[in-house]
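Here is a short tour of the structure shown below, for you to follow with the viewer open. Please take it one heading at a time.

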Amino acid sequence: MIAVGVGASRGCPLGELEDLVTAALAEAHVEHVDVLASADVKADEGAILALAAARGWRFVTFPAAALAAVPVPTPSATVAAHVGTPSVAEAAALLAAGDGSELMILKRRSAHATCAVAGTEDAWPVA
């Protein structure tokens with residue numbers, strides 16, 4: 001299972017989010033994604049919905065409390081203040097990828113978005 005976790009500021013340009021995710025997937029050598037994941041408060045974010053639709057990815061969201069319970073390597077006090085969890089991208093990727101998953105790509109940032117890639121060991125590409 002491969003999951004891409006994303007966060008985005010309101011009104012994030014689709015192209016910016018696409019470029020960020022595309023670069024992270026290329027870095028991870030990932031060609032197939034099972035799910036795109038984010039926080040519940042991003043369930044109606046246009047760029048995230050458009051990315052999922054354009055790529056044909058299932059889109060899931062998680063409540064802030066569930067995301068906050070996931071230990072991540074790069075938590076953010078700013079994100080915690082705005083969203084109620086110190087991580088959206090990394091925590092959402094890990095939750096969506098399921099038990100035994102690990103981060104393949106730590107949180108990457110652009111001006112208005114974040115993304116991370118997580119997967120279970122059997123789904124990691126052989127480099």
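## Helices across the sheet

In this predicted model, α1 lies across β1, β4 and β5, and its direction makes an angle of about 30° with β5. Helix α5, residues 89-97, lies across β1, β2, β3, β4 and β5, and also runs at about 30° to β5.

## The sheet itself

The strands form an open sheet of 5, ordered β3-β2-β1-β5-β4, and the pairing is mixed. At the edges you will find β3 (58-62) and β4, each of which pairs on one side only. On average, neighbouring strands of this sheet are turned by 20° against each other, with direction ignored.

Let us look at one pairing in more detail. β1 and β2 run parallel and are joined by 3 bridges. V4 has L36 in β2 as its bridge partner.

## Two nonpolar cores

Which residues touch the most other members of the largest nonpolar core? Of its 24 residues, these are V4, V6, L17, V21, L25, L36 and V117. At least two residues of this core come from each of β1 (2-8), α1 (14-28), α2 (46-55), β4 (102-109) and β5 (113-119). The most are given by α1, with 6 residues. As general background, nonpolar side chains in soluble globular proteins tend to be buried together.

Setting aside neighbours within four places in sequence, L17 is in contact with V6, C12, A47, I48, L51 and A113. There is also a second, separate core of 19 residues, with F62, L94, A96 and A97 among them.

## The cysteines

How many disulfides does the structure hold? The count is 0. C12 is in no disulfide, and the nearest cysteine sulfur belongs to C115, 11 Å away. Because the sulfur of C115 is 11 Å from that of C12, its closest cysteine sulfur, the two are too far apart for a bond.

Are these cysteines buried or exposed? C12 is buried, with a relative accessible area of 6%, and C115 is buried too, at 0% relative accessibility.

One last stop is H29, which has a positive phi of about 60° although it is not a glycine. You can find H29 in the loop between α1 and β2 (35-39). With 55% relative accessibility, H29 counts as exposed, the cut-off for that being over 50%.

Methods: Residues numbered from 1 in each chain as written. Predicted model: local features only at pLDDT ≥ 70, side-chain atom pairs only at ≥ 80, totals over all residues. Heavy atoms only, no water. Core = buried A, V, L, I, M, F, W, Y, C linked by side-chain atoms within 4.5 Å. Buried < 20%, exposed > 50% of the residue type's maximum accessible area, 1.4 Å probe, protein only. Helix = DSSP H or I, 4+ residues; strand = E, 2+ residues; numbered from the N terminus. Contact = heavy atoms within 4.5 Å. Disulfide = S-S within 2.5 Å. Pairing = 2+ DSSP bridges. Axes fitted to C-alpha atoms, helices over the stretch in contact; angles between N-to-C directions.
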